[in-house]
Amino acid sequence: PVSMLCSVPLLVAVAANSPHRTLADLLAAARARPEGITFASASASQRVSTEMLASMAGVRLLHVPYRASPAAVQDLIAGRVDLFVADQAVILPGVQGGQLRALGVTT
């Protein structure tokens with residue numbers, strides 16, 4: 001048998017100093033610069049979630065793969081990638097610390 005064990009919301013995050021203040025801002029920038037907006041992922045679920053967001057919004061994003069989420073968070077804070085979609089445990093400390101800005105949450 002197959003059943004769902006849990007559901008974990010993901011946060012859509014950018015660096016605190018990012019020019020993108022809202023998800024609409026970010027998607028508008030992606031429309032203006034196809035593949036000019038980069039996104040990090042360190043797992044299949046992070047990549048699929050971000051690709052699904054891009055597909056639903058009708059934009060193209062450039063994928064930057066990482067081996068682990070902490071490295072992706074550090075590059076997001078440093079501005080080396082534009083966007084990271086990950087679970088709350090990964091993103092929330094950076095948001096609470098003022099280093100990241102959450103633009104949305106998936107459910």
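Two strands count as paired if DSSP finds at least two bridges between them, and strands themselves are DSSP runs (E, at least two residues), as helices are (H or I, at least four), numbered from the N terminus. This is a predicted model, in which local features need pLDDT of at least 70 and side-chain atom pairs count only at pLDDT 80 or more, while totals for chains, interfaces and linings use all residues. Residues are numbered from 1 along each chain as its sequence is written, and side-chain values use heavy atoms, with hydrogens and water left out.

In strand β4 (residues 83-87), F84 is the bridge partner of A40, and β2 and β4 run parallel, joined by two bridges. Strand β3 (residues 62-65) also runs parallel to β2, and four bridges join them; here A40 stands opposite V64. The chain passes from β2 through α2 to β3 in a right-handed β-α-β crossover, a term meaning that, with the strands pointing away from the viewer, the path from the first strand over the helix to the second runs clockwise.

## F39 within β2

T38 and A40 point one way from β2, whereas F39 and S41 point the other way, and all are buried; buried means under 20% relative accessible area, exposed over 50% and partly exposed in between, with a 1.4 Å probe and protein chains only. F39, found in strand β2 (residues 38-41), counts as buried because its relative accessibility is 0%.

Not counting residues up to four places away in sequence, F39 touches R47, T50, E51, L61, L62, H63, V64 and L83, where contact means heavy atoms within 4.5 Å. The C-alpha atoms of F39 and H63 are separated by 5.3 Å, although these residues are 24 apart along the chain.

## D75 in helix α3

D75 lies in helix α3 (residues 69-78) and is buried, with a relative accessible area of 16%. With residues up to four places away in sequence left out, D75 touches Y66, R80 and V81.

## The largest pocket

On a 1 Å grid over the protein atoms alone, a pocket is an open set of points where a 1.4 Å probe fits, with protein on both sides within 12 Å along at least five of seven lines, and lining residues have an atom within 4 Å of a point. The largest pocket holds about 160 Å³ of space, the volume being that filled by probe spheres set on the points, which are joined across faces, edges and corners.

Its lining is formed by L10, V48, S49, M52, L53, M56, T106 and T107, and helix α2 (residues 44-57) gives the most to this lining, with five residues. The lining residues divide into five nonpolar, three polar and no charged, where Ala, Val, Leu, Ile, Met, Phe, Trp, Tyr, Cys and Pro count as nonpolar, Asp, Glu, Lys and Arg as charged, and the others, Gly among them, as polar.
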